[in-house]
Amino acid sequence: MTHLHLAIALDGAGWHPAAWREPGARPGDLFTAGYWVDLARSAERGLVDLITIEDSFGLQSSDVRGPDGRNGRVRGRLDAVQIAARVAPATRYVGLVPTALVTHTEPFHLAKAIATLDYVSHGRAGVRAQISPRAVDSDLVGRRYIPEFDRTGPITGEAAELLDELFTEAWDYVEVLRRLWDSWEDDAEIRDAVTGRFIDRNRLHAIDFTGDFFSVKGPSITPRPPQGQPLVTALAHAAPDLRELPIRFAAGQADLVWLTPHDRAQAQGLVEAVHLARQQSAAGSAPVHTFADLVVFLDRPGESGADRKERLDTLDGREYRSDAGVFTGSAAELADLLVDWQQAGITGFRLRPGVLPDDLDLIVEALTPELQARGRLRRNHEASTLRGLLGLPRPENRYATTRQGVNA
């Protein structure tokens, strides 16, 4: 019987905009390290493979174009990579995958940060590569101009060209990350006190990447990470107007693809689309995970998940909707859904707790034992690295067989 994989998506006080108003919420702790450590430890107790941590440049908003002017929701966040680095020594097994906006950051800097996270966590680092087409974000950074465009209708003309450009840039960005992680061979540090050589410069490599968006010589300043290459993940929205750009990017460059199906048939179709795009890319038949995202409101004694969501909707003044499917019900009903979608080709699930810590606690205390009783979830973390937990091999170094070092 094949086990399924689980991830927990952490964002603020939960994914419902009114979650911070719940009695069990900790809005006063959102900007403390202890809050995130507690959540990560809870997820680890639930034997999940990894947690993801949301990030952005602009403030959270219900308007995709920028600030919505509402002050009744959580606003502001800590840096996701920094949270992961703080959580790493307080946990032992759970993978740590912060979000990084690749549109406005330098790949050299992110490669170094994620490699460092992999060292700090002893091989549990990953990254979610996310583009940003928002004018408000580009204005905050000021290094490039992204025009505001109408998102209420079909994406055409200048907007379509912009998305093509951003996904092409993201493709190059991930390529640079991977090459920088490979720029030190695994045995580049020789630490020979007798000869006085700490590194073997023949095992450091300039990546000499030149593209339309970056020209990066390398090598990295950080030695090859424990996992060789930390896990790269990407969300593949399937909106028709996006012309499968997210799927082609994620399938071609990521080790794990997040999907947002709303039913079993859609899940199966998206998995097939990812694998087809994978085969048509340079990645070919390399293994790739397909995780379905679900926002969850689980039943608890005295209140159903549906009633809780409805109550939160009333507090927020509107019905909560998501790009992902929204589940309300018992842990057993959620387990039924997960197993059913797994049989449609989904290899894992990223659960977005509607309320934190409430729904995360219910996942740990009710869903985990339910899946274990069905033989669908591990009894312990059987590997110490994130790639190991996911059954993914440690990548070979692309430069190891073509050795031509740099002066160092």
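Q: Is Glu303 buried or exposed?
A: Glu303 counts as buried, because its relative accessibility is 18%. Buried means under 20% relative accessible area, exposed over 50%, and partly exposed in between (1.4 Å probe, protein chains only). Keep in mind that this is a predicted model, where local features need pLDDT of at least 70 and side-chain atom pairs count only at pLDDT 80 or more, while totals for chains, interfaces and linings use all residues. Residues are numbered from 1 along each chain as its sequence is written, and side-chain values use heavy atoms, with hydrogens and water left out.

Q: What does Glu303 form a salt bridge with?
A: With Arg300; their closest N and O atoms are 3.1 Å apart. A salt bridge here is a side-chain nitrogen of Lys or Arg within 4 Å of a carboxyl oxygen of Asp or Glu. Arg300 is partly exposed, at a relative accessible area of 25%.

Q: How many salt bridges turn up in the whole structure?
A: The search finds 41. One of them joins the side chains of Asp316 and Arg73, at 2.6 Å from N to O. That pair links distant parts of the chain, 243 residues apart: Asp316 sits in helix α8 (residues 305–316), and Arg73 in the loop between β2 and α2. Helices (H or I, at least four residues) and strands (E, at least two) are DSSP runs, numbered from the N terminus.

Q: Are Asp316 and Arg73 buried or exposed?
A: Both Asp316 and Arg73 are buried.

Q: And what about Glu189, which residue does it bridge to?
A: Glu189 forms a salt bridge with Arg191, with 3.4 Å between the closest N and O atoms. Glu189 is partly exposed at 25% relative accessible area, and Arg191 counts as exposed at 53% relative accessibility.

Q: Switching topic: which residues does UniProt list for "binding site"?
A: The unreviewed UniProt entry lists Asp55 and Thr99. They span 45 residues in sequence, but no two of their C-alpha atoms are more than 5.5 Å apart, so they gather at one spot. UniProt positions are in the numbering used here, feature names are shortened, and annotations may be inferred rather than shown by experiment.

Q: Where does Asp55 lie, and what is it in contact with?
A: Asp55 lies in the loop between β2 (50–53) and α2 (80–87), and counts as buried at 16% relative accessibility. Leaving aside neighbours within four places in sequence, Asp55 is in contact (heavy atoms within 4.5 Å) with Arg77, Leu78, Asp79, Ala80, Thr99 and Gln130. The Asp55 side chain also reaches the backbone nitrogen of Ala80 at 3.0 Å.

Q: Where is Thr99 found?
A: Thr99 is in strand β3 (residues 95–101), and at 2% relative accessibility Thr99 counts as buried. With neighbours within four places left aside, its contacts are Ile53, Glu54, Asp55, Ala80, Arg128 and Gln130.

Q: Last one: how many helices and strands does the chain come to?
A: Eleven helices and 13 strands. Buried residues make up 55% of the 408 residues. The C-alpha trace spans about 70 × 50 × 40 Å along its principal axes.

Conventions: Polar contact = N/O pair within 3.5 Å; in protein donor to acceptor, adjacent residues only side chain to side chain.
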